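Welcome, and please open the model in your viewer.

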Amino acid sequence: MHASPTFTRLRALPVEHREHLMRLARDVSFPQGIRLFEEGRRADRFWIIRTGTIALDLHIPGRRAAVIETLGHNELIGWSWLFAPHVWHLGAETTSPVRAFEFDAGEVRAMCQDDPALGLAVAEWVGDTVARRLRAARTRLLDLYAPYGSGPFG
């Protein structure tokens, strides 16, 4: 299976690592309204969206889950699979029909362990995603819960 030349986020990986990773990709499709994963459950796979959108949400006791970010084309869905204890930190639901590349987390972790250069490249790629998601979550939560005019936070 070949990676689309438009995989911008995946392009953070050197070509040889990207091609190695894409050998494990499986083409999948999901209809709108499907829960891909739930907070606290085992993170055993991840996806790269080809078409469609997926909302990442955070469970808030006594309230409806808060959508933290909606992701689309070329975005990585799931990073918890890389870090022990390998459980999801957020939930995810399709907000439109989705086509994606799906990866088995155990296979990717094993491949990274066998090839330390690949492992480092994947860790940096996923780490960048985690950093972007944390910034997005922080911004979204401030939008939802901070008092108006509470000033900038550093």
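A cavity, on a 1 Å grid over the protein atoms alone, is a set of points where a 1.4 Å probe fits but cannot get out. Its volume is the space filled by probe spheres set on the points, which are joined across faces, edges and corners. This is a predicted model, where local features need pLDDT of at least 70, side-chain atom pairs count only at pLDDT 80 or more, and totals for chains, interfaces and linings use all residues. Residues are numbered from 1 along each chain as its sequence is written, and side-chain values use heavy atoms, leaving out hydrogens and water.

**First stop: the cavity.** The structure holds one cavity of 30 Å³ or more, and the volume of the largest cavity is about 70 Å³. Select Phe-37, Leu-56, Gly-78, Trp-79, Ser-80, Trp-88, His-89, Leu-90 and Arg-133 to see its lining (residues with an atom within 4 Å of a point).

**Next stop: Asp-44.** Look in the loop between strand S2 (35-37) and strand S3 (45-51); strands are DSSP runs of E, at least two residues, numbered from the N terminus. Which side chain does Asp-44 join through a polar contact? Show Arg-42: the polar contact is 3.1 Å, the term meaning a pair of N or O atoms within 3.5 Å, one able to donate a hydrogen and the other to accept it, with residues adjacent in sequence counting only if both atoms are side-chain atoms. Leaving aside residues up to four places away in sequence, Asp-44 also touches Trp-88, Phe-103, Asp-104, Ala-105 and Gly-106 (heavy atoms within 4.5 Å).

Key
Helix = DSSP H or I, 4+ residues; strand = E, 2+ residues; numbered from the N terminus. 1 Å grid on protein atoms, 1.4 Å probe; cavity = no way out; pocket = protein on both sides within 12 Å on 5 of 7 lines; lining within 4 Å.
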